[in-house]
Amino acid sequence: MDNQKVIKFIENRKILFAIPIAIVVITVIVNIILGLEVAIEFKGGTMLTYSYTGEIDTNAVQATVEAENHGAVKVTTGSALNSSLETVQISFASSEGLTAEIQTDLTNKLQKEFKENSLVLVDSQDVNPTSGFEFFLKCMVAVLFSFVLLVIYIAFRFKKIGGLSAGVFALVALMHDIFIVYAVFVYLRFPIDANFMAVVLTTLGNSINNTIVVYDRVRENRTLYGTTMPLRDLVNLSITQSVKRSINTTLTTGIAVLSICVVCAICGVTSIMSFAIPMVVGLVFGTYSSLCISGPLWVLWQEKFGKSYTDKDDRKKSNNGGKKASTVRDTKKLMV
């Protein structure tokens, strides 16, 4: 065991809370000014996928397609899942989609303009905006249902330290994480699509794991110290003991995702970037919310509205564990 300085999370809560509040305010302003792009999966349209050979200039492809005046266009490159073919996907966002005649004319024009790339139409798909909206609603219902189960789980598992309030503030931290992921999509002008939902769900899983680790530390230290340590000091200690583990977990996952970003940038595969980049940011801020938001908020609630920490049961635990707590304090050593 090494000596370790306890970080004053609760005392520095104003700074810790100011950071996400500033991000929320700035994001709302940027969103109002610039708006938000919604992917074709949610607002409908047509997706044309072509295989190609050699190197292709996506900007030139987009300029050629936009000249046909068929509405908003997005061009991305990738690889076919069932073969080694390199593909370029052209998405047209509209409620009606493109007719077969327009698709044929556009394909002929692209094949003529990019003759050296040997473009071949491999897939044509019309997307119904109603089905996309239904998919989005189902994802939201799944997230809300998981929130309810999460609060119930934490309420029972950590009932000795005010489990219901702990669950509520864990939920606040998760809402923060969702908004941070949303902010990344706003700032980087990524469209809200299936990748957004995948990033949100993955970020929530990582964040709640870190939050439960913190609460578990609080419960263990509560048993160890009883009422001999003030609540603020107890939570500061518990969060400090969880910092190293949470950061290591986030770094391990984050490095893997960053590697994906680098490989995609080198290979020119842009379709996965709207997953990888927000994922890295979500992991970082998910860890931040677990350490700097849920715990401090829970302490403020307990100090103002929570159960008193001087009841009979606590005094009994304090008397039983008094010698053990005193020994630990005298050694001034913290287990991480």
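This is a predicted model: local features need pLDDT of at least 70, side-chain atom pairs count only at pLDDT 80 or more; totals for chains, interfaces and linings use all residues.
**Entry 1**

I began with the strands. Which order do they take in the sheet? I found 4 strands in an open sheet, ordered E2-E3-E1-E4, with antiparallel pairing. The edge places go to strand E2 (73–79) and strand E4 (120–127), each of which pairs on one side only.

A reminder to myself: strands of a sheet pair through backbone hydrogen bonds, in a parallel or an antiparallel way.

**Entry 1: partners across the strands**

Next I followed E2 to its neighbour. How many bridges join E2 to strand E3? There are 7, and E3 covers residues 86–93, running antiparallel to E2. I picked out some residue partners here. Thr76 has Gln89 in E3 as its bridge partner, and for Lys74 the partner in E3 is Ser91.

Then I moved on to E1. E1 and E3 are joined by 8 bridges, again in the antiparallel sense. In E3, Val88 is the residue that stands opposite Tyr50.

**Entry 2: helices lying across the sheet**

I wanted to know what lies across these strands. Helix H3, made of residues 58–66, lies across E2 and E3. Its direction makes an angle of about 140 degrees with E2.

Which strands does helix H4 lie across? H4 (residues 100–113) lies across strand E1 (45–52), E3 and E4, and runs at about 30 degrees to E1.

**Entry 4**

Now for the charged side chains. Those of opposite charge can pair when their charged atoms come close. I noted a count of 4 salt bridges for the model.

One of them links the side chains of Lys109 and Glu68, at 3.8 Å from N to O.

I turned to helix H7, residues 194–225, which holds both Asp216 and Arg219. These two form a salt bridge, with their closest N and O atoms 2.5 Å apart. They are 3 residues apart in the helix, so about one helical turn separates them.

Is Asp216 buried or exposed? Asp216 is buried, because its relative accessible area is 18% and the cut-off for buried is under 20%. Arg219 is partly exposed, at 25% relative accessibility.

My last stop was the pair Glu303 and Arg232, whose side chains meet in a salt bridge of 2.7 Å, N to O. Glu303 belongs to helix H9 (residues 273–304) and Arg232 to helix H8 (residues 231–267), so this pair ties together parts that are 71 residues apart in sequence. Glu303 is partly exposed, with a relative accessible area of 39%, and Arg232 is partly exposed too, at 25% relative accessibility.

Technical notes. Residues are numbered from 1 along each chain as its sequence is written. Side-chain values use heavy atoms; hydrogens and water are left out. Two strands pair if DSSP finds at least two bridges between them. Helices (H or I, at least four residues) and strands (E, at least two) are DSSP runs, numbered from the N terminus. Contact means heavy atoms within 4.5 Å. Axes are lines fitted to C-alpha atoms, for helices over the stretch in contact, and angles run from 0 to 180 degrees between N-to-C directions. Buried means under 20% relative accessible area, exposed over 50%, partly exposed in between (1.4 Å probe, protein chains only).
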